[in-house]
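Please keep the sequence and the structure in view while reading.

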Amino acid sequence: MSSAAPESKATDGTAQIGVTGLAVMGSNIARNFARHGYTVALHNRSIAKTDALLNEHGSDGEFVRTETMAEFAAALQRPRRALIMVKAGAPTDAVIEELAEVFEDGDIIIDGGNALYTDTIRREKAMAERGLHFVGAGISGGEEGALNGPSIMPGGPAESYKSLGPLLEEISAHVDGVPCCTHIGPDGAGHFVKMVHNGIEYSDMQLIGEAYQLLRDGLGMSAGEIAEVFTEWNTGDLDSFLVEITAEVLQQTDAKTGRPLVDVILDEAEQKGTGRWTVKSALDLGVPVTGIAEAVFARALSGSVPQRKATTGLASGELGERPADRDTFTEDVRRALYASKIIAYAQGFNQIQAGSAEYGWNVTPGDLATIWRGGCIIRAKFLNRIKDAFDEDPDLPTLIVAPYFRSAIEESIDSWRRVVVTATRLGIPIPGFSSALSYFDALRTERLPAALTQGLRDFFGAHTYGRIDADPAARFHTLWSGDHSEVEA
Ligand code: NBP
């Protein structure tokens, strides 16, 4: 129990925390607080959810049932701390307004939903003008994490973290005794980082899907056989929650048909929007998050039903033979997956560094690697390596050049190329693997065709170009429609 924990269990105006929005996430977080000894004020727009929670889990700890926002506010200790867990967007704005009307100077409103960070920046400013603290907190881990320990990424004023931090740290997941929660930075920093976390999650899942398809279509393996491969992979560098649950999903048999469940699930991936937000933000920041973008588009492509129906069965051209050696190809796929995953994380961390610089958040990348080690969906053994890399060099231009990752890629590069070539020969789509490899090749290439792009831009739009033998800031223009001489712009 932290110093902020309750001395008394009294339930009249002494709840240390309140939760409003008691659907799956909110009710599990409320129970998590209660199980840690906090008195939790409960509120939901419709009282049915509050009562369901109390009926089913009232014995988890001390709860205060409230029906109106005024009752909710009255149930809380000052400064009041209320966690909003409602649908992102307009519902969140509505609940913030209701809370702001009953809260007083210095009270803290926490939005634990998946808010867009620009909304969080706007809300924080509006609440600050009304004397209230507003904390946008990214929460990852789904319903299981919410109950047993999520990864929490709170933004907002550092001052509010002093009072709020100990509670959040206590209910978060812990790895090696370290909480998976830390103050990320001012205003929208927490939700920005949670957004990129989700973007990386998209990329991770796409790469896992491609590895599965390579083993299925490239080697003709069954879902059960591939499950065994993923179980084995989970004992090494790829040890992660997503690889672990991939094996479980692949092992599941459909009760109706007796077939592997994965073979009867419709192959149209849906999305709620955080991947798309990540890519839109990356476009604005000018950060190439190709792995995340490919993952978002791969989901969109899977849902492009008319286009898929119209093109199924179109000529593939001459295809190659399946790999002769199953074990060798499986190991190649494992290495290609690991290398591509490193690229996805490198890109995500670059986006966080760029966002932090743009908004003046001072986010510490190593801290994120620390709090993503447990509780969240992208928890993985290799986050320890990312933390080490940023501890050694906080200004790392890209994870790829940190010694561990550099040698991991060097060990994987031949396998990675073989997998991309084999997939292309077999007609297996691998947008994640191949774009990650192209990204890596583009970064390490000394001269890119961007020089020609600049020449073309100068030709048709007089957009000018820099020269390799001049000050990089100097601009030049060729008189394309004149005598083709060069002038300094
Ligand atoms: P939902 O996103 O399904 O939202 C349902 C809750 O929002 C209910 O309590 C509902 O009240 C309330 N609500 C709505 Br809808 N409109 C409202 C309004 N105008 N005023 C007041 N309350 C309103 O719940 P969830 O899946 O538990 O997720 C909660 C938040 O956590 C979301 O922002 C979500 O993106 C985020 N999140 C979810 C996960 C996950 O794995 N599900 C993970 C991480 C973060 P009612 O009962 O009266 O209808």
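**The chain**

This is a predicted model. The protein chain holds 19 helices and 11 strands. Its radius of gyration is 26 Å, close to the 23 Å that the globule rule gives for 489 residues, so the protein chain is as compact as a globular protein of that length. The C-alpha trace spans about 80 × 70 × 45 Å along its principal axes.

Of the 489 residues, 50% count as buried.

**The ligand site**

Which residues are closest to the ligand? They are Met25, Asn44, Ser46, Lys49 and Val86, out of 19 residues that surround the ligand. By class, this shell has 10 nonpolar, 6 polar and 3 charged residues.

| Residue (backbone N or O) | Distance to a ligand oxygen atom |
|---|---|
| Leu22 | 3.5 Å |
| Met25 | 2.9 Å |
| Asn114 | 3.2 Å |

Taken alone, the ligand exposes 910 Å². The protein buries 78% of that area. Two elements give two or more residues to the shell around the ligand: α1 (24–35) and α4 (90–102).

**His477**

His477 sits in strand β10, which covers residues 476–478. Is His477 buried or exposed? Its relative accessible area is 18%. Buried means under 20%, so His477 counts as buried. The side chain of His477 makes a polar contact of 2.7 Å with the side chain of Asp458. Neighbours within four places in sequence aside, His477 is in contact with Asp458, Ala462, Thr464, Tyr465, Ser485, Glu486 and Val487. Asp458 is therefore both a contact of His477 and its partner in a side-chain polar contact, at 18% relative accessible area for His477.

**Asp327**

Asp327 belongs to helix α14 (residues 326–359). Its relative accessible area is 61%. The cut-off for exposed is over 50%, so Asp327 counts as exposed. Where does the chain bring Asp327 and Leu219 in space? Their C-alpha atoms are 9.9 Å apart, while 108 residues separate them in sequence.

**Pro260**

Pro260 is in the loop between α10 (241–251) and α11 (274–285). How accessible is Pro260, and what class does that give? At 26% relative accessibility, Pro260 is partly exposed, because the value falls between the 20% and 50% limits. Leaving aside neighbours within four places in sequence, the contacts of Pro260 are Ala223, Gln252, Thr253 and Asp254. Pro260 and Val249 are 11 residues apart along the chain, and their C-alpha atoms are separated by 8.9 Å.

Technical notes. Residues are numbered from 1 along each chain as its sequence is written. Side-chain values use heavy atoms; hydrogens and water are left out. A residue is near a molecule or strand if one of its heavy atoms lies within 4 Å of it. A polar contact is a pair of N or O atoms within 3.5 Å; within protein, one must be able to donate a hydrogen and the other to accept it, and residues adjacent in sequence count only if both atoms are side-chain atoms. Accessible areas come from the Shrake-Rupley method with a 1.4 Å probe; for residues, only the protein chains shown count as cover. Helices (H or I, at least four residues) and strands (E, at least two) are DSSP runs, numbered from the N terminus. Ala, Val, Leu, Ile, Met, Phe, Trp, Tyr, Cys and Pro count as nonpolar, Asp, Glu, Lys and Arg as charged, and the others, Gly among them, as polar. The radius of gyration is taken over C-alpha atoms; the globule rule is 2.2 Å times the number of residues to the power 0.38. Buried means under 20% relative accessible area, exposed over 50%, partly exposed in between (1.4 Å probe, protein chains only). Contact means heavy atoms within 4.5 Å.
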